[in-house]
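Reader: Could you walk me through this one, starting with overall dimensions and then the helix packing?

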Amino acid sequence: MQPELIAQISTGQLARNLREVRRVCGPELRICAALKANAYGHGVDLVAPVLLREGVEMAAVSTLSEAEELRDLGWPRPVLVLGQPFAVRSQAERDERLAAAVRLDLTPTLTSLEDARDLSGRAVAAGRVLDAHVNVDTGMGRMGLMPDEALRLCRAVARLRGLRLRGVYTHFGCAEEPDLVHTSDQLARFAGFLARVAEDAQIERPQCVHVANSSATLRGLGQAFDMVRVGLAVYGYHPSPQVPLPEEVRPILRLVSHLLLVKDLPAGHTVSYGATFVTRKPTRIGVVPIGYADGYLRSLSNRAVMTVNDHVVPVIGRVSMDLTVLDVTDVPDVKTGSLVIVLDHRADRPNSVESLAELMDTIPYELTCLLGDRIHRTPVDEFEGEPDRPIHLPRAEPTPQSLTI
Ligand SMILES: Cc1ncc(COP(=O)(O)O)c(C=O)c1O
């Protein structure tokens, strides 16, 4: 069956983005790609195989179930768990999660001695050695341990069998801001922490030290370490206007649909809930099968645009749960079934992810993460339809069950 909403994911562009990030970092640096939240909404099953082929050394996820999904897909390389999956109320659940971390050979971010001891015990019992990282809070004020506590944990882990302190990291809170004062402070605190680790005879120097997200990486702040943790740039978006993307880094997603219905309304007719739009003249409308249930938020009502037959047309009236109405009066040959580009992959278009995120007063991260389950993600090598080639709606393809490389 032909799906009504199709997110085309360009595997060719994804590979180019990754190569560009690698070029910025230099060949020595390892890349950890943030694949959490279904690869920022793009479809982890489509993104992971490309990153694997392109030699990404590590994947970062937030939760254990995301890690498990990656393993189920066949991701063979380290999986860094950024969250704290063992902080659950039920002991049985905690035991299950500790066992899963060992079974799936995950790389947890340790946040307590208790977790470290329990993991160590399980790893030893299973005849395994698990890599672990420690996150140092240098000014993010979210996850991560304060430096003194982080140091104590590093020392403790060094004495445990079954666990290897492979990495230490910090996360920047303001690397996309115009000035880098906060980031420099964080870097200075992290350098102080690393100096204490280096002086400590009980702790072996962790082999994988990392600080940089996309913004910091693109601003050259991660290159002094061993690895970068990049998400947004891999998917092709600007973290902020202050962080220029290399020319070759471009969005990997285009969201296409078609008109469900085209009809003519007389002047003075109201459109959609709340009657927030009234036609001033006879108006031809087109109805698109997308709404806030799909992540096309109500705040886009009467503000956003889409493209129909290469014409930019306004959204009129309120976006509802499943439907959005367009004014297609000026579009030649418009009919039921006409192709609609909801999100354009060209960043400078008024219906690109970045343009709409600005309209919604949010960031590209939020917009792509909100894209819902009714949207069928499908891989394309390259985006067609540029500049003169026709766009073909692909038929739904089966979701790959495992990574093929
Ligand atoms: C700890 C951590 N590192 C790295 C990233 C990747 O950030 P970005 O997508 O800005 O590259 C994230 C994303 O939120 C994160 O939480």
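Author: Happy to. The radius of gyration here is taken over C-alpha atoms, and the globule rule is 2.2 Å times the number of residues to the power 0.38. This is a predicted model, where local features need pLDDT of at least 70, side-chain atom pairs count only at pLDDT 80 or more, and totals for chains, interfaces and linings use all residues. Residues are numbered from 1 along each chain as its sequence is written.

Reader: What radius of gyration does the chain have, next to that of a compact globule?

Author: The C-alpha trace spans about 80 × 45 × 40 Å along its principal axes. For 405 residues the globule rule gives a radius near 22 Å, and the chain agrees with that, at 24 Å.

Reader: How many helices and strands does the chain have?

Author: Helices (H or I, at least four residues) and strands (E, at least two) are DSSP runs, numbered from the N terminus. Counted that way, the chain has 12 helices and 19 strands.

Reader: How are α3 and α4 oriented to each other?

Author: Axes are lines fitted to C-alpha atoms, for helices over the stretch in contact, and angles run from 0 to 180 degrees between N-to-C directions. Helix α3 (residues 44-53) packs on helix α4 (residues 64-73) at about 60°, with the axes 11 Å apart. Angles under 35 degrees count as roughly parallel, over 145 as roughly antiparallel, 65 to 115 as roughly perpendicular and the rest as oblique. So α3 and α4 are oblique.

Reader: Which residues of α5 and α6 make the contact?

Author: Helices α5 (residues 91-103) and α6 (residues 113-125) pack at about 55°, their axes 9 Å apart. Contact means C-beta atoms, placed from the backbone, within 7 Å. On that basis, the residues are L98, A99, A101 and V102 of α5, with D118, L119, R122 and A123 of α6.

Reader: And the ligand: how many nonpolar, polar and charged residues does its shell have?

Author: Around the ligand sit A34, L82, H171, N213, S214, S215, R229, V230, G231, L232 and P239. Ala, Val, Leu, Ile, Met, Phe, Trp, Tyr, Cys and Pro count as nonpolar, Asp, Glu, Lys and Arg as charged, and the others, Gly among them, as polar. The shell therefore has, by class, 5 nonpolar, 5 polar and 1 charged residues.

How values were computed. A residue is near a molecule or strand if its C-beta atom, placed from the backbone, lies within 6 Å of it. Two residues are in contact if their C-beta atoms, placed from the backbone, lie within 7 Å.
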